[in-house]
Amino acid sequence: MTTPVLATDQLVKRFPGVVALKGVSFDLRPGEIHAICGENGAGKSTLIKTLSGIHPHGSYEGRILVEGREVAFAGIADAEDKGIGVIYQELALVPEMTVAENIALGREPTRGGLVDWLGMNDQARTLLAKFNINLDPETRVGTLGVGHQQLVEIVRALGKDSRVLILDEPTAALASHEVALLLEILKDLRRRGIACIYISHKLEEVFAVCDRITIIRDGATITTLETAKTNRDEVIRHMVGREIQDLFPRRAGEAGAPLLTVRNLSAEPAEGDGITLKDIAFEVRAGEVLGIGGLMGAGRSETLMHIFGAWGRRTAGSVTLKGQPHDAPTPGDSIRRGLVMVTEDRKKLGLVLDESIGFNMSLSSLERFAKKGLLDASAEFVTNQSFFQRLRVKAPDLESRVGGLSGGNQQKVVIGKALMTGPSVVFLDEPTRGIDVGAKLEVYELINELTAAGNAVVLVSSELPELMGMSDRIIMLGEGRVGGAFVRGQCTPDQLLHAAIAAHAAPPSR
Amino acid sequence: MKRLSIRDFSLVLALVAIVAFFTIQSPVYLDPRNLSNLAVEFSIIAVLALGVFLILLPGQTDLSTGSGVGLFGGVAAVLIYNQGWPAPAAMGAAFVGAVALWALMGLLIVKQRIPAFIMTLAGMLVFKGLHWATIENSTIPVKVGAQDNLFSSLTTWYLPPSAGWAVVAVAVAALGWAALRARARRIAHGLTVEDRDTAFAGWLIPVQLLILLVVVLNQFNGVPLPILLLGVTAVAVFILTRHTPFGRHLYAIGGNAEASRISGIPVERTIVIAFALCGVTVAATGFLQTAYAGASTSTIGQFLELDAIAACVIGGVSLAGGKGTVGGVLFGALIMTALLNGMTLLAVDPELKLIARGLVLALAVWMDVALSKRR
């Protein structure tokens, strides 16, 4: 057997409060394309960051082996020296520079201390020709489409004499003909003996180019399969894996009148690129939890943010909140009309980290505490204190700095801020991401309390068990459209994942 | 519970060092006459710094205040001296103009997405040009003949000694009442409070300083009017920033603008209002500074925008937004004034004065960066 060009042995990576990798072992043979599949949050991104030196040696347990020898990367540069190149989901190109400049970035050829422009362009031309990519080295990268930019990234990585190329969801933003081009280039690399790790949700791509598939779940390797000897259903079964346990104490009641109705909603980004929402329709009733699932980039957060008034421009459709039209609101309008949102990224969109717990919790409700324009500090304190205790925030007192709290406690503060506004519809976007099991259970209990009091909850979650365990009804999104609607207890994880992937595979309209 | 930090101590030490240096160099530095001047100069910088504070809090900046000070002092002077307007009307007109222009700059910043740095840099040039055009590059006195008016009296009128004492008595009582009330509330809500002695000292120290101030000022002409105006401004800004939803919004926007927006805060409106309020202090400072000089000239307000920003930053206001207190701003303004006044007293060359101002500004920002990195 040949020595694997890259291998991991029982990798364990811990973050405060979470174990992201619980023992990942796999090996990459020279000249193979090896897919790594797993649900969102299975640990794929952490694995890549460990392999590429972003999480340096010493911050993890277990071993990384290159050509059979253990390596200790102190940073990205070390990994590049060993021939490991990574193409991230987010492109890392300088749009104002040319193709040649981007390819040479950080290792510009020089002559007498000055940049050798001609040499740089020649280098780029040679590299591009080698991989049959038809691009002018002097084109500004910003004028290229996303697909071509991706190719420039790949050429840049290969220009560093990479022997291993790691691609993280490389086709997420590509049109179908660009995908085909990319897959051809990967096959060409395989012929040249360059090994690739291919990370993608899109199983048809995985089956089209990959030789083997390693499935990870909950931070651990489940199995490695030969592509030729398996099928989509088996892969999905391994990805979902577990049975849904009693971790999800949903107490459903009788659903009442509709509180939020969304009809044929289409929206596009207000500026720049991004996903377009197409023809989304759903309804949430009083006392009900609607789950929204889907893969990364399916448009789940955008859908909620749009209805809330913080994302995109409406191109069609209508939203009705408590019987009233709810079109083009600001977040402030939404909150006043009883709709709040707990965002996915609590540090960026949820909290003022340098301020206290109390400051953050009352931030959306200040008008309520104002008497003749002046804040009634006592009333504010009493209310803050009641939420602090009800949510069981673990901190010395209300004056503790929010930035110093654990993820679970920060999340409770964000939820407290939302609930203090007295909402009737609550959007929860990945409310349990990155928090420990105990805090998760408390969030689930809060969801039960909210619906028992006649409110409606919309829950976005990437974790299928959570989605299935806590939602009364579920819709799956993919590529900005609804891929299927399900009722609690009458669907399997496979069906849900199939619906999400089917929506992904649907040909783009227009 | 707020604790005194190394930063607070280093500020006090800096002030002591500055005072000691200038006193040794020029013994008249601490004379009642000079301290009275210093009090007026302090009021001028501090009022403007309090306005700039409102703009720095939500993470914006304002480089145009110095030019605005010159412009609106000049507008009022021209209306009084050339047009024969009564002083209150002239000052009212200038006030309206300042608020309108600052609100306009705020609107352009939030609606057209012109960065505040560029917008107010443009304002700095435009207002300076308007100022020079208004006064036609000449010297416009603040009063006609020897007839004092409201404008010219701003920096020449002093509270009679007994009135000064009355004001201090009210201030001391108000401080004590506010401290006791806040303490009682914290205790009622089960929050930690300082022990009695520390709390008492926290009241006694400013009270002693206030009394000392009045004793010294009464040895000359009494408490100058600008100090009173500063007091009113400081109390207003304090209440605004600490005890109103608007103030909370300023801190929240500076701390995390995106999260503030998602929390339902009207981010754009808040920033425009902050600019309009800064316009109020610009006009007020314009009147004070011009009255203090006795006439509007082309150099009135020059570099004052930088002194105001420096005062804020020295006082612990973060240029990134979200941090700072009224007390800090006042202290920063005091350090700037002590330095500028001392240099004037020693008749330091204007060249050197400029260099010193620049170095203090750089030092203050460096302190801000160095101290905010540690956490």
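Tutor: We begin with a crossing in this predicted model. H5(A) passes H6(A) in a right-handed crossing.

Student: At what angle do helix H5 and helix H6 of chain A pack, and what does that make H5(A) relative to H6(A)?

Tutor: Helix H5 covers residues 146-159 of chain A, and helix H6 covers residues 176-191. Their axes are 10 Å apart and the packing angle is about 20 degrees. Angles under 35 degrees count as roughly parallel, so H5(A) is, relative to H6(A), roughly parallel.

Student: Which residues of H6(A) does H5(A) meet, and how many residues of the contact are nonpolar?

Tutor: On the side of H5(A) stand Gly147(A), Gln150(A), Leu151(A) and Ile154(A). They meet Glu178(A), Leu181(A), Leu182(A) and Ile185(A) of H6(A). By class, the contact of H5(A) with H6(A) has two polar residues and one charged, and its nonpolar residues number five.

Student: Why is chain A called as compact as a globular protein of its length?

Tutor: The secondary structure of chain A comes to 17 helices and 24 strands. For 510 residues the globule rule gives 24 Å, and the radius of gyration of chain A is close to that, so the chain is as compact as a globular protein of that length; the radius is 25 Å. Along the principal axes, the C-alpha trace of chain A spans about 70 × 55 × 50 Å.

Student: How far apart do the centres of domain 1 and domain 3 of chain A lie?

Tutor: Chain A is divided into domain 1 (6-240), domain 2 (259-338 + 423-510) and domain 3 (350-422). Between the C-alpha centres of domain 1 and domain 3 of chain A, the distance is 43 Å.

Student: Which element gives the most to the side of chain B that touches chain A?

Tutor: In chain B, 19 residues are in contact with 27 residues of chain A. The elements that give two or more residues to this side of chain B are helix H10 (245-255) and helix H11 (257-262). By class, the side has seven nonpolar, eight polar and four charged residues. With five residues, the element that gives the most is H10(B).

Student: How many helices and strands are there in chain B, and what is its radius of gyration?

Tutor: Chain B has 15 helices and four strands. Its C-alpha atoms fill a box of roughly 65 × 55 × 40 Å along the principal axes. The globule rule gives 21 Å for 375 residues, so chain B is as compact as a globular protein of that length, its radius of gyration being 21 Å.

Student: In chain B, which element gives the most to the side of domain 1 that touches domain 2?

Tutor: The domain assignment of chain B gives domain 1 (6-160 + 222-373) and domain 2 (161-221), and 26 Å separate their C-alpha centres. Eleven residues of domain 1 of chain B are in contact with twelve residues of domain 2 of chain B. Helix H2 (32-56) and strand E2 (158-159) are the elements of chain B that give two or more residues to the domain 1 side. With five residues, the element that gives the most is H2(B).

Student: Are helix H3 and helix H5 of chain B roughly parallel or roughly antiparallel, and is their crossing left-handed or right-handed?

Tutor: The axes of helix H3 (residues 65-81) and helix H5 (residues 116-135) of chain B come within 8 Å and cross at roughly 25 degrees. That angle makes H3(B) roughly parallel to H5(B). Among the residues that make the contact are Gly70(B) and Leu71(B) of H3(B) and Phe127(B) and His131(B) of H5(B). As for its hand, the crossing of H3(B) and H5(B) is left-handed.

Student: How are H13(B) and H14(B) placed relative to each other?

Tutor: Helix H13 (residues 304-314) and helix H14 (residues 326-345) of chain B have their axes 7 Å apart and a right-handed crossing. Their contact includes Ala310(B) and Val313(B) of H13(B), and Val329(B) and Ile335(B) of H14(B). By class, this contact has nine nonpolar, one polar and one charged residues. The packing angle is about 125 degrees, and H13(B) and H14(B) are therefore oblique.

Note on methods
Residues are numbered from 1 along each chain as its sequence is written. Chains are lettered from A and ligands numbered from 1 in the order in which they are written. This is a predicted model: local features need pLDDT of at least 70, side-chain atom pairs count only at pLDDT 80 or more; totals for chains, interfaces and linings use all residues. Axes are lines fitted to C-alpha atoms, for helices over the stretch in contact, and angles run from 0 to 180 degrees between N-to-C directions. Angles under 35 degrees count as roughly parallel, over 145 as roughly antiparallel, 65 to 115 as roughly perpendicular and the rest as oblique. A crossing is left-handed if the near helix is turned anticlockwise from the far one by less than a right angle, and right-handed if clockwise. Two residues are in contact if their C-beta atoms, placed from the backbone, lie within 7 Å. Ala, Val, Leu, Ile, Met, Phe, Trp, Tyr, Cys and Pro count as nonpolar, Asp, Glu, Lys and Arg as charged, and the others, Gly among them, as polar. Domain bounds come from an automatic or database domain assignment. The radius of gyration is taken over C-alpha atoms; the globule rule is 2.2 Å times the number of residues to the power 0.38.
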